[in-house]
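Please look through the sequence and the model below before reading on.

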Amino acid sequence: MEKEGAAAAAILIRHRTVEANGISMHVAEAGDAEGGGSPAVVFLHGFPELWYSWRHQMEHLAARGYRCVAPDLRGYGRTAAPPDVASYSAFHVVGDVVALLDVFVVGHDWGAIIAWYLCLFRPDRVTALVNTSVAFMRHIFIRSGDDPVKTTDFFNRIYGPTYYICRFQEPGVAEKEFSPANARRVMRQILCNRFTSRGANSQPEPPAAEEALPAWLTEADVDHFASEFERTGFTGAINYYRNMDRNWELAAAWADAKVRVPTRFIVGDGDLTYHYPGIQDYIHKGGFKADVPMLEDVVVLPGAGHFVQQERADEVSNHIVDFISKFS
């Protein structure tokens with residue numbers, strides 16, 4: 001058995017490599033080692049993260065009898081990173097997750113997007129969903145309607161071509177900024193404040209001087225993320241963004257589909273995703289519920305930013321357990 005990171009020292013984490021959907025996937029696990037009847041929870045991380053983003057929730061849920069499974073997603077960490085950009089489409093990534101699935105799913109950021117697609121494509125494989133940060137937004141995820149707008153065009157119209165999602169589209173451009181040599185500086189800045197409402201309109205260069213870490217983040221945590229991206233680079237992670245328009249096309253067959261899985265949604269009120277134009281009306285005034293009919297509740301955490309599962313670890317963990325325990 002292997003223990004990774006000072007912040008994860010209190011968790012008994014097991015690591016293994018599994019063959020799933022034609023690639024080798026690194027999976028971190030906690031709780032029931034044999035899978036002997038314990039409810040299983042699959043945690044899906046976002047950008048630019050790793051299984052490690054779920055360390056707090058894994059400890060919390062494993063102590064309450066759940067078997068926790070947190071993969072490094074395709075292109076991240078110790079999981080294989082296919083060279084073809086098209087290999088990071090929603091079909092490929094959902095296929096990876098289906099190979100691991102058992103009962104419950106928890107997603108954040110890109111992990112939430114994957115979870116929404118998963119619940120559209122294979123609702124039979126998900127008993128309940130807790131998604132964080134990124135709400136289901138039909139116009140972004142699915143090509144539909146008489147005058148469809150591609151996902152990248154949507155963001156370009158709102159924020160302009162310097163917005164990070166737009167800048168990520170051309171291979172090689174983003175890699176100059178998000179290079180392995182800059183990994184620690186990039187990770188430190190992103191984790192501290194990049195994906196918050198105050199940073200929503202741009203993706204500026206990392207600052208020359210390191211700012212103080214927030215209370216929820218340690219130097220050991222930053223070191224863990226940085227060491228992995230120094231080794232792998234960011235291309236695999238950025239390739240998810242380069243498939244946004246492709247995913248929008250691929251999902252056209254689900255244009256009228258609903259997400260029919262019991263769902264709880266959690267978001268920080270400082271998360272940039274909670275400040276997209278019109279998103280709060282959509283979330284709170286019926287649009288979200290219309291698209292996700294089994295949405296049971298929306299939890300908005302005051303003062304929390306984008307990395308809510310790390311920033312407000314205990315609160316998020318308690319909300320997960322409270323929700324999925326109804327289905328265990």
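Which residues does R74 touch, not counting residues up to four places away in sequence? The model is a predicted one, in which local features need pLDDT of at least 70 and side-chain atom pairs count only at pLDDT 80 or more, while totals for chains, interfaces and linings use all residues. Residues are numbered from 1 along each chain as its sequence is written, and side-chain values use heavy atoms, with hydrogens and water left out. R74 touches N21, I23, T79, A80, P82, S87, Y88, H92, V93, D96 and Y240, where contact means heavy atoms within 4.5 Å.

R74 sits in the loop between β4 (67–71) and α2 (90–98). Helices (H or I, at least four residues) and strands (E, at least two) are DSSP runs, numbered from the N terminus. With a relative accessibility of 3%, R74 counts as buried; buried means under 20% relative accessible area, exposed over 50%, and partly exposed in between (1.4 Å probe, protein chains only). A polar atom of the R74 side chain lies 2.9 Å from the backbone oxygen of S87. For a polar contact, the pair must be N or O atoms within 3.5 Å; within protein, one must be able to donate a hydrogen and the other to accept it, and residues adjacent in sequence count only if both atoms are side-chain atoms.

Another arginine, R231, is placed in helix α9. Leaving aside neighbours within four places in sequence, R231 is in contact with G77 and R78, and its side chain reaches the backbone oxygen of G77 at 3.1 Å.

Strands of a sheet pair through backbone hydrogen bonds, either parallel or antiparallel. Here, eight strands form an open sheet in the order β1-β2-β4-β3-β5-β6-β7-β8, with mixed pairing; two strands pair if DSSP finds at least two bridges between them. β1 (14–20) and β8 stand at the edges with a single partner strand each, so one side of each has no neighbour in the sheet. Direction ignored, neighbouring strands of this sheet are turned by 20 degrees against each other on average. β1 and strand β2 (residues 23–30) run antiparallel and are joined by seven bridges. V18 stands opposite M25 in β2.

Two helices lie across strands of the sheet. α15 lies across β3, β5, β6, β7 and β8, at about 170 degrees to β7. The axes are lines fitted to C-alpha atoms, for helices over the stretch in contact, and angles run from 0 to 180 degrees between N-to-C directions.

What of the interior? A nonpolar core is a set of buried Ala, Val, Leu, Ile, Met, Phe, Trp, Tyr and Cys residues joined through side-chain atoms within 4.5 Å. The largest one has 111 residues, of which F43, M58, W116, F136, F155 and F288 touch the most other members. Its largest share, eleven residues, comes from α3. M58 belongs to helix α1 (residues 55–62), where R55, Q57, M58, H60 and L61 are buried. The buried residues of α1 pack against β2, β3, β4, α9, α14 (308–311) and α15. Apart from neighbours within four places in sequence, M58 is in contact with I13, A28, E29, A30, F43, W51, C68 and A70.

Charged pairs remain. Side chains of opposite charge can pair when their charged atoms come close. The structure holds 18 salt bridges, each a side-chain nitrogen of Lys or Arg within 4 Å of a carboxyl oxygen of Asp or Glu. One of them joins R184 and E219 at 2.6 Å, N to O. This pair links distant parts of the chain, with R184 in helix α8 (residues 183–194) and E219 in helix α9 (residues 219–232), 35 residues apart. R184 is partly exposed at 23% relative accessibility, as is E219 at 36%. R184, R188, E219 and D223 are linked in a network of salt bridges. In another salt bridge, the closest N and O atoms of K326 and E296 are 2.7 Å apart.
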